[in-house]
Amino acid sequence: MKSALTWNVIAKCSTTKARAAVLDLPHGSVNAPVFMPVGTQGTLKGITPEQIESLGCQIMLNNTYHLGLRPGQELLDACGGAHVFQGWNRNLLTDSGGFQMVSLLKLAEITEQGVQFESPHDGSLMLLTPEHSMSLQNSIGADIMMQLDDVVSSLTTGPRVKEAMWRSIRWLDRCIKAHKKPESQNLFAIIQGGLDPALRKQCIEEMVKRDTPGYAIGGLSGGEEKDKFWRVVTQCTDLMPREKPIYCMGVGYAEDLVVCVALGVDMFDCVFPTRTARFGNALTATGTLSLRQAKYKDDFRPIEEDCDCITCKSYTRAYLYTVVTKETVGCHLVSIHNTAYQLRLMRQIRESIIEDRFPPFIHKFFKDLFVEKSAYPEWAVNALQSVNVDLMKGDGPH
Amino acid sequence: MSPLTFNIIRQSTQLSAARRGTVAMAHSPDTNATSGKKQIETSLTSSTKRVMETPGCFMYSVKGSVPHLTPDTLRLQGFGGVNVSIEHILQDHQPAGFDKWPFSLSKFLNLQDLILLCDIRDSSRYTKVPFNSDRHISMKTRRGVRQLTFEEYLKVVRAYEPDIIAAYADSISDLDQSEHGNRQLIGPGAGFKRVCKSVDRSLKWLDQILQERQGIDTLAAQDEAAAEIKKKKKGKKDNNQENGVDQLVQETKKVHLDPVTTDKEPQAATKKPWAGVSVFAHVLGAQIEQERIRSAEETAKREGVDGFIVDTNTLPGSRDEIFKLMKTSLDHLPTDKPRLIYGMQTPEDVLRSIALGADLFDTSYPFHLTEDGKASVYSFGSNNTTSPITNGHDNSVKTHRWINLWDDEHADKFVPILKGCGCYACYGGRHTRAYINHLLKSHEMLATVLLMGHNMHQYSEFFSNVRQSIQDGTFEQHSALFVERFGTEPERTGEIHAAQIVLEAALARRNRLDGDESEEEIAAAALAAEEKKKEKERLRKERRENNKTKGLRNMMNKKEERLAKERKQEQPLHEQHQQHAGDESSRQG
């Protein structure tokens, strides 16, 4: 099918499956690997678009489900889409809206036709079909839009997983057919198949035939064992076409990002950095600081000494201790730092890939974060070993 | 020599006491830091003179931050100063922990490029606290009422080194608690004697503060005087008692102690002066006119005072009565020093106050508008007369001073809040009324960020136009036009827009829409914790109660047993049996 993007791999790691690339989208270039902050309702939790730009963010997420409810399709059409609506001139990615219905609404029922759910506003029954999802996403105007998929929990086993996989393929066909703007919006397929390698393989084979501009690994990050998670990821990246971007949905912890990049993933999103910020948790290379704790009340250092975000340039932990979870400013400040941290981590990963020193970067990253090798998560050690990085052996080549 | 200079650039015509001027601080707080505190370079440190134009505003802050604004969005605002309340920022472990405090307050709050004024109480509103005493002032912190002693206050000033400190003052507060509109005295109000005392006390404290600023340790002197009196009394007592041994002990103690105290004294007397701190004095007198005059005149006599504060938040009565009381104060103050007013926030109150000779205010008005979801659309000055026509409004209809963005009518208005406005939200049409309406209804924090920026910008524009009109000699004329056009602000009654009530109810009901509502989670967790605590408390109480009754019962039983035993010995054998059975049954019951 038509594509509105170009994907140029500029460097490949000589040890792992990691790669650095430039993804050109209708609203500008995106440096991959990339982390996409989640601005659920057309805004990134109190941070102004200008601030997000200044953090170096090139692509942000919006949720179709939320924008479909408010402001609604009519208003989005009237103002010319979500970019204009929220004053964001860079790229947007929207999900299909299906995930929220399954995760948020108890009364969602999935049929061949679509996802039926109770409207949170008036309780009436509504139906989200692949056609409706495409229509909404066309109105939003996102640079990358996701197909409606049949989401099952990654803990589900049995025939339901298989059914969901095949249905997702059928729905992808309906999405492709319903997509009105393939020349300006890119539709990504979502690989399903649970934790079953055979189903994943089948799904990839079928979906690759549809030749969408990019692919996402779906149905993960739902509470499955991490050791199973990375095996699915690495299997998918092995089987997926290497000349297209690969997006792993809902992944956002720092160590997950580093491992998944090594396994060959290019794009990520997660609400975690901004959500945890609202609880007063600041992300750093050496772990999370819970700024609500009294031990920070006389700590006159910034969150991170070498961070160049406006929070670290302006305030100490002692000051943040007094405002987090109490003032909106406290929330904005930690959100800004966490987003800056996440984006900086991705930049560092990318630079290390370009300079072909990603493996030593991984070694240093894990040492900074976990200090002791005994504290390294086993799944991460296994996953990295599968791509020739042995965390347990020395400090890595320098 | 005070670092603060006040220049009057233009005095208005005889029609009003309005004046235009500047308040300038000579140095940045870091360049004249008095103690050997650690200096950390930041990008925002500047050694340039910091200036506030008057009439103008200190930005109102909560916990040392201007609400909703991060350092970068704060710098887009056109105000040169910030007002920080000690009751907001003083932590529970301070001032005891000030030995760890490494730098000035303005550095801590990242406000080095602005003029920082520090007062004890929140300047924006009235909150009732218990009466102050000779030794302390009551203030309302997040954890309830706290008492700040004069000694602690001095510690705070030395540690924080604000540019301007409001003097420690005994402000009387016995108004009804309702924050808006209803300003009724509780009972008969403070009597004449109480008001006199508040004026006297505050003057005494002011004198001490001015001495402290020059490096004189007034507390040590006070202690010494007190000790002297005590010694004398003690001596008399001892003499009277003629207790030779005790006296000897006393005297030897004195001998041992004396060198220590004499060692201490010179050190204390040469405390570091507050080189960079200016003092604004509160002018008091409550609702009693002659006391207001006395307070103003006495305070004015103190040469070291750099400016005056008139707090109208604590005054009872109608708007007109409050203005009259404020005027009494202003009329008896020297004209060559700036006057800061608390409690005059709406544009028309500000205009009336300026006409009476007020110079400085705070930005709590734009903050309150923002909290309501309102966006300012008022304007002052020359375009005032033309815009009603260009806007197509009927001249007889009063134009709104704000629009409420919760209103559904804005949902499809893809236009800026105010055309031609230069604030972050409006400039270049980046953000629209429809978007802010969406943000409010989606419970998103960017709504208040954008609204605060806009409302602050408009307030700043308002003051800028006021200054220009004083310069041009059109202030009185434009003031009249402003009131004619915009009327007066309806009294705030803590109103909440219907849409907001609906939203909050829905949020509470649905609990979590996107699994992304930390506030709700926190609130719910707090509620659960509170209930758990209550339950625990209840159980503990129950247990205690149980133990108590059990203990009592045991005691009673033992007593009865003892009595029974005694009786047994006295009673004939055949009766004993009966008694015992009766005992058993009563114990079971």
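Which residue stands opposite B:Tyr60 in β5(B)? B:Asn83 does. The views below set that pair in context.

This is a predicted model, in which local features need pLDDT of at least 70, side-chain atom pairs count only at pLDDT 80 or more, and totals for chains, interfaces and linings use all residues. Residues are numbered from 1 along each chain as its sequence is written, while chains are lettered from A and ligands numbered from 1 in the order in which they are written.

View 1. Strand β4(B) covers residues 56-60. Helices (H or I, at least four residues) and strands (E, at least two) are DSSP runs, numbered from the N terminus. Of the 5 residues in β4(B), 5 are buried. Buried means that 20 or more other C-beta atoms lie within 10 Å of a residue's own; exposed means 12 or fewer, and partly exposed is in between, with C-beta atoms placed from the backbone. β4(B) pairs with β5(B), residues 81-85, in the parallel sense over 3 bridges. It also pairs with β13(B), residues 360-362, in the parallel sense over 3 bridges. Two strands pair if DSSP finds at least two bridges between them. B:Phe58 has B:Asp362 as its bridge partner in β13(B).

View 2. An unreviewed UniProt entry lists B:Cys421, B:Cys423, B:Cys426 and B:His454 under "binding site". These residues span 34 residues in sequence, yet no two of their C-alpha atoms are more than 8.2 Å apart, so they gather at one spot. UniProt positions follow the numbering used here, feature names are shortened, and annotations may be inferred rather than shown by experiment.

**View 3. B:Cys423 and B:His454.** B:Cys423 sits in the loop between β15 (402-404) and α13 (433-441) of chain B. B:Cys423 counts as buried, with 27 C-beta neighbours inside 10 Å. B:His454 belongs to helix α14(B), residues 446-472. B:His454 is buried too, with 30 other C-beta atoms within 10 Å. Leaving out residues up to four places away in sequence, B:Cys423 touches B:Gly453, B:His454 and B:His457. On the same terms, B:His454 touches residues including B:Ala375, B:Ser376 and B:Ile417. Contact means that two C-beta atoms, placed from the backbone, lie within 7 Å.

**View 4. Where chain B meets chain A.** The contact takes 45 residues from chain B and 44 residues from chain A. On the side of chain B, α1 (71-74), α13, α14 and α17 (518-570) each supply at least two residues. α13(B) gives the most, with 5 residues.
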